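Come along while I look things up one by one.

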Amino acid sequence: MARPIWTGTLSFGLLNVPVSLMTGERKIDLHFRMLDARNNQPVRYERVNAETGEEVPWKEIVKAYEYDKGNYVVLQPEDFKSASPEGREAVEVEAFVDGSAIVPQFYEKPYVLVPGKKAEKGYVLLRETLARTGKVGIARVVIRTREYLSAVMPQGDALILVLLRYPQELVDLEDYRIPEGKPADYRISDRELEMAQQLIESMSTDWKPQDYRDEFRERLQAVIEKRLKSEGVVSREEEPQVPEDASTNVVDFMALLKQSLDTNKRTPARSAPVSRDAGAPAKKATKKTAAKSAAKKAAKAATKKATAKKAAKKAPLRKAG
């Protein structure tokens, strides 16, 4: 289950409703890594000093504001804390406006307000009042280290909090060349308007968001799966490939150890008896068997030599007669 962003209160007037702020979106983007086309190795991003070219550790990095090209003012952690508003764990509704008055470009990111224990009454009261009046609560909320403008609105049985963009974050529509004036100024006839209206009515339907899917992502996912089955897979060389019959669980390790012990304890095979059929040729020893035999003979000879040398040292000297 998802964890709350924070737990606090939803307040309007003198009414405070304990709530938890939960995420209202699910990230489904396909994430890609950048590789060097020459050897298919990952490309790393490093924090490098622009003057010395040396990598800079995180503990040596500070935040600064560039007020002019190449000129900075450095900010300390306490500077950010002093700018943070109070009431970090509260959604404080400052006003109520008509929901239709908020144009789409103001909406940014959705969250879900979940009531705390024994807070259902105040939660339902606000939800039903907003639904009956068509109003939306405009509130301020602090998430992590930033204060956001937000809208509290009903959706079914839930209260949704949607982060809003500040007016300063939006481009003024007058910055673009947008056609102004009446349809007649662009030689649009009443008949054309009627036909366009009929077309829109013929294509009109109920809003069913479940009918819409991210088809591009689905097609790209199919391409990835197809690549996985073909030669498009890149394996990292530093990771040794594990044989198909190998396993990493305890049971398999025990079996391999037991097998190794049984192999080492196995008694050497006796020399094959002479065939009764003198005409039948004897089986040739394999290279592996011959090597083992030679190694055993060499070890035996070395042991005999070492034993004789040791005995010679320990033997007492005989007195001359």
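Below are my entries, in the order in which I looked things up.

**Entry 1: confidence**

I began by noting that this is a predicted model. I looked up the confidence and found an average pLDDT of 76 for the protein chain, with 68% of the residues scoring at least 70.

**Entry 2: the barrel**

Next I followed the strands. I found a closed barrel of 7 strands, in the order β1-β2-β8-β11-β10-β9-β7, and its pairing is mixed. From one strand to the next, the twist averages 40°. I then looked for a helix on this sheet and found α2, which packs on it and touches β1, β2, β7, β8, β9, β10 and β11. The direction of α2 makes about 70° with that of β11.

I wrote a reminder to myself: strands of a sheet pair through backbone hydrogen bonds, in either a parallel or an antiparallel way. With that in mind I went through some of the pairs.

- β1 and β7 run parallel and are joined by 3 bridges.
- β7 pairs with β9 in the antiparallel sense, over 6 bridges. Here I found Asp 98 opposite Lys 135 in β9.
- β9 pairs with β10, also in the antiparallel sense, over 7 bridges. Here Val 142 stands opposite Glu 147 in β10.

**Entry 3: Ser 11**

Is Ser 11 buried or exposed? I looked up its relative accessibility and got 13%, so Ser 11 counts as buried, since the cut-off for buried is under 20%. Opposite Ser 11 stands Glu 92 in β7. Leaving out residues up to four places away in sequence, I listed the contacts of Ser 11 as Asn 16, Val 91, Glu 92 and Val 93.

**Entry 4: the nonpolar cores**

Val 91 had turned up among those contacts, and I met this residue again in the largest nonpolar core. That core has 22 residues, and the ones touching the most other members are Leu 10, Val 91, Leu 113, Val 152 and Leu 161. Which elements each supply at least two residues of this core? I found β1, β2, β7, β8, α2, β9, β10 and β11. A further core of 9 residues lies apart from this one, with Ile 102, Ile 138, Leu 149 and Leu 164 among its members.

I went back to Val 91 for its own contacts, setting aside neighbours within four places in sequence. They include Leu 10, Leu 113, Val 152 and Leu 161, as well as Ser 11 and Arg 140.

**Entry 5: salt bridges**

How many salt bridges does the structure hold? I counted 7. Side chains of opposite charge can pair when their charged atoms come close. I took down several cases.

- Arg 44 bridges to Glu 46, with the closest N and O atoms 3.2 Å apart. Arg 44 is exposed at 66%, whereas Glu 46 is partly exposed at 41%.
- Glu 128 bridges to Arg 127, with the closest N and O atoms 3.1 Å apart. Glu 128 is partly exposed at 33%, but Arg 127 counts as buried at 12%.
- Arg 191 and Glu 194 meet at 3.7 Å, N to O. Both sit in helix α3 (residues 190-203), 3 residues apart, which is about one turn of the helix. I noted Glu 194 as partly exposed, at 41%.
- Glu 94, Arg 140 and Glu 147 are linked in a network of salt bridges.

Two of these names were already in my notes: Arg 140 as a contact of Val 91, and Glu 147 as the residue opposite Val 142.

**Entry 6: a loop**

Last, I looked at Pro 57. Where does Pro 57 lie? I found this residue in the loop between β4 (41-42) and β5 (63-68). Its relative accessible area is 38%, so Pro 57 is partly exposed. I also checked the spacing to Arg 47, which is 10 residues away along the chain, and the two C-alpha atoms are separated by 7.5 Å.

Definitions and conventions: Residues are numbered from 1 along each chain as its sequence is written. This is a predicted model: local features need pLDDT of at least 70, side-chain atom pairs count only at pLDDT 80 or more; totals for chains, interfaces and linings use all residues. Side-chain values use heavy atoms; hydrogens and water are left out. Buried means under 20% relative accessible area, exposed over 50%, partly exposed in between (1.4 Å probe, protein chains only). Contact means heavy atoms within 4.5 Å. A salt bridge is a side-chain nitrogen of Lys or Arg within 4 Å of a carboxyl oxygen of Asp or Glu. Helices (H or I, at least four residues) and strands (E, at least two) are DSSP runs, numbered from the N terminus. pLDDT is the predictor's confidence in each residue, from 0 to 100. A nonpolar core is a set of buried Ala, Val, Leu, Ile, Met, Phe, Trp, Tyr and Cys residues joined through side-chain atoms within 4.5 Å. Two strands pair if DSSP finds at least two bridges between them. Axes are lines fitted to C-alpha atoms, for helices over the stretch in contact, and angles run from 0 to 180 degrees between N-to-C directions.
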